[in-house]
Amino acid sequence: MEAPLSPRDSGKFIAENSKDVFIEEEGVCRIAAMLYAKRGCKEFTAEGWKKMNPLAPFCNTDDAINWVFVVDTMNFSFWPDKEDQQCTVTYKGKGYSGYMSLCAAVTRALDEGIPITQASYFANMTLDDLKHVLRSDNDVPMPMIEERHKALTEAGKVLLQYDGSFRQFMSKGENSAEKMVMHIVKTLPSYRDEATFEGKKVSFHKRAQILVADFWGIMEARGEANIPDLGYLTMFADYRVPQALVYLGALRYSDALMKTLQEGKTLPSGDRREVEIRGCSIWCVERIRAHLWDITEQREGRRAEEVNSAVIDFFLWPYAKEHQAEMAHIPIHHTRCIYY
């Protein structure tokens with residue numbers, strides 16, 4: 001079976017053949033200049049990214065490392081069917097929604113004595129067990145609970161082959177981001193984020209790449225990080241960052257696509273337009289990175305290789321959240337799937 005193009009090569013191929021999504025170089029240069037002005041700011045560093053999630057237990061325990069695996073395995077599809085019907089989880093007096101509701105629920109379960117980070121438990125937990133762990137404060141359940149249950153128990157059974165240790169599982173990647181992503185995708189079906197476009201197999205591997213980035217983050221916090229090819233990672237193609245790229249003028253949708261999104265129509269997973277949005281987002285961030293490196297080389301005589309595409313994503317995603325009111329006129333594409 002033909003192997004898919006890598007996420008980076010997929011982004012380039014999709015952007016070159018896109019019919020409804022287009023990269024605007026003027027906007028790309030504008031974002032690169034904005035990011036250059038942010039150099040040195042904590043929100044534009046991996047260090048700042050690690051601190052964005054106050055619920056992540058970055059500490060020296062195997063449970064903390066396995067927490068990353070559990071959360072990332074269920075990290076998909078949080079958008080509500082209706083804006084006023086949001087699943088919320090309260091933890092220590094603070095309410096969370098979206099991805100953070102998942103983090104809050106898993107950490108809450110640990111506080112309640114539920115061994116949710118132990119593979120021997122989550123490999124065999126029932127659907128009702130997971131419904132209890134992910135219970136909402138209101139009558140709106142977390143979306144796709146059955147799919148989350150399947151992904152988690154399936155991943156747990158795989159992890160048991162590595163003595164239940166996520167760290168041991170990742171050691172098969174030989175300290176290489178590329179090899180880690182390939183190992184994850186090969187052994188964990190729910191992470192196999194791929195599609196067919198113009199007769200070619202393409203990949204996005206959003207969750208697999210986030211899993212590698214999060215693993216690096218927690219190991220770096222322990223002083224044990226050693227992944228020299230972290231630059232292999234691209235941006236993590238979802239629905240929030242594309243909205244920011246359109247808002248900032250680096251991406252443009254055709255009138256037909258914009259009309260479809262404004263009407264609230266859901267795009268099926270693998271739909272050409274959905275593939276174009278995700279693929280062009282990847283390549284757009286690659287272009288931003290290239291321009292940022294050029295600016296740094298021209299002004300400082302060096303390439304800013306510490307600023308990779310993943311770090312740019314770490315900046316754009318919270319930027320989109322912070323400015324969602326200003327971006328409200330730009331529709332987010334909605335695709336209900338397990339990949340993002």
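Two strands pair if DSSP finds at least two bridges between them. Helices (H or I, at least four residues) and strands (E, at least two) are DSSP runs, numbered from the N terminus. The model is predicted, with pLDDT of at least 70 needed for local features and 80 or more for side-chain atom pairs, while totals for chains, interfaces and linings use all residues. Residue numbers start from 1 along each chain as its sequence is written, and side-chain values use heavy atoms, without hydrogens and water.

**View 1. The hairpin of β4 and β5.** Strand β4 (residues 194-197) runs antiparallel to strand β5 (residues 200-203), joined by four bridges. Ala195 has Val202 of β5 as its bridge partner. Two residues lie between the strands, and Glu198 in the turn has a positive phi of about 50°.

**View 2. Packing of helix α12 (residues 240-247) with helix α15 (residues 309-322).** The angle is about 80° and the axes are 8 Å apart; axes are lines fitted to C-alpha atoms, for helices over the stretch in contact, and angles run from 0 to 180 degrees between N-to-C directions. The two helices, α12 and α15, are therefore roughly perpendicular (65 to 115 degrees). Contact (heavy atoms within 4.5 Å) involves Arg240 and Tyr247 of α12, among others, and residues of α15 including Asp313 and Trp317. Eight of the contact residues are nonpolar, none polar and three charged; Asp, Glu, Lys and Arg count as charged, Ala, Val, Leu, Ile, Met, Phe, Trp, Tyr, Cys and Pro as nonpolar, and the others, Gly among them, as polar.

**View 3. Packing of helix α14 (residues 272-300) with α15.** Here the angle is about 105°, with axes 9 Å apart. Helices α14 and α15 are therefore also roughly perpendicular to each other. Val285, Glu286, Ile288 and Arg289 of α14 meet Ser309, Ile312 and Leu316 of α15. These residues comprise four nonpolar, one polar and two charged.

Methods:
Angles under 35 degrees count as roughly parallel, over 145 as roughly antiparallel, 65 to 115 as roughly perpendicular and the rest as oblique.
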